[in-house]
Amino acid sequence: MLPQYYTAKGQGEHEIVIQKSRFICHVKRVTTEQEAQEFIQDIKKQHWNATHNCSAYLVGERDQFQKANDDGEPSGTAGVPMLEVLKKRGLKDTVVVVTRYFGGIKLGAGGLVRAYGKSVSEGLDAVGVVKRTLMQVMHTTVDYTWLGKLENELRSSVYSLKEIHYLDKVEVETFVEESQTEAFTSWMIELTNGQCDIRKGDVTYLEEDI
């Protein structure tokens, strides 16, 4: 698992108009190449009457799976510029499809490169990009009398509060970097005068909007 990477926040679309042509960028976060290809086919079915449905994706921790498709546009004017936007932004596990409805004015090779690149760039801005950081989830269990102090301290600290479970006692889940788990444990013990139970939970990703 990568310690940190960037990817699309989720799924969405964004439309721009250039020289009367409509460019609709569809963005989705995916985890496999098959998922990316299925998304491309879904958009093609949805926009079967479009002039072009160009696509690009990067999938895998080392970008093992990557593809660019011009779908009838002049070679290298659509899919590759789209893929380049994903690479320049350092994104992983992301697929984009740009649907074009031709408006009657030819853009030329340079114009197409700029149009498809701009469509993907604005599409990503609209849908959003997140930073995913691998974190250790720490579980801290305390009596209810400590909850107010613990919650206040956590919210003003470098650690990110994940969830609070209200059971017989209160269980607080916190995202902690692996290198900080010992420091976090010592801090919790100090805050609660040793009246807490701390254990490690899952290792998972923390998502932050950027």
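How many bridges join β3 to β6? Eight bridges join these strands, which run antiparallel. The model is predicted, so local features need pLDDT of at least 70 and side-chain atom pairs count only at pLDDT 80 or more, while totals for chains, interfaces and linings use all residues. Residues are numbered from 1 along each chain as its sequence is written, and side-chain values use heavy atoms, with hydrogens and water left out.

**The sheet**
- Five strands form an open sheet in the order β2-β3-β6-β4-β5, with antiparallel pairing; strands are DSSP runs (E, at least two residues) numbered from the N terminus, and two of them pair if DSSP finds at least two bridges between them.
- The edge strands, each pairing on one side only, are β2 (11–18) and β5 (65–69).
- From one strand to the next, the twist averages 15°.
- β2 is joined to β3 (residues 21–29) by eight bridges, and the two run antiparallel.
- Ile-16 has Phe-23 in β3 as its bridge partner.
- Seven bridges pair β4 with β6 in the antiparallel sense, and Leu-58 has Thr-94 in β6 as its bridge partner.

**Helices on the sheet**
- Helix α2 (residues 79–88) packs on the sheet and touches β4 (52–59), β5 and β6 (94–101); helices are DSSP runs of H or I, at least four residues, and contact means heavy atoms within 4.5 Å.
- The direction of α2 makes about 35° with that of β4; axes are lines fitted to C-alpha atoms, for helices over the stretch in contact, and angles run from 0 to 180 degrees between N-to-C directions.
- Helix α3 (residues 108–127) also packs on the sheet, touching β2, β3, β4 and β6, and its direction makes about 140° with that of β2.

**Buried parts**
- Strand β6 is largely enclosed by the rest of the structure, because eight of its eight residues are buried (under 20% relative accessible area, with a 1.4 Å probe and protein chains only).
- In a regular strand the side chains alternate between the two faces of the sheet.
- Both faces of β6 are covered: buried residues include Val-96 and Val-98 on one side, and Val-95 and Val-97 on the other.
- Val-96 in β6 stands opposite Val-27.
- Ser-21 lies in β3 and is buried, with a relative accessible area of 0%.
- Not counting residues up to four places away in sequence, Ser-21 touches Ile-16, Arg-100, Tyr-101, Phe-102 and Gly-103.

Key: Buried means under 20% relative accessible area, exposed over 50%, partly exposed in between (1.4 Å probe, protein chains only).
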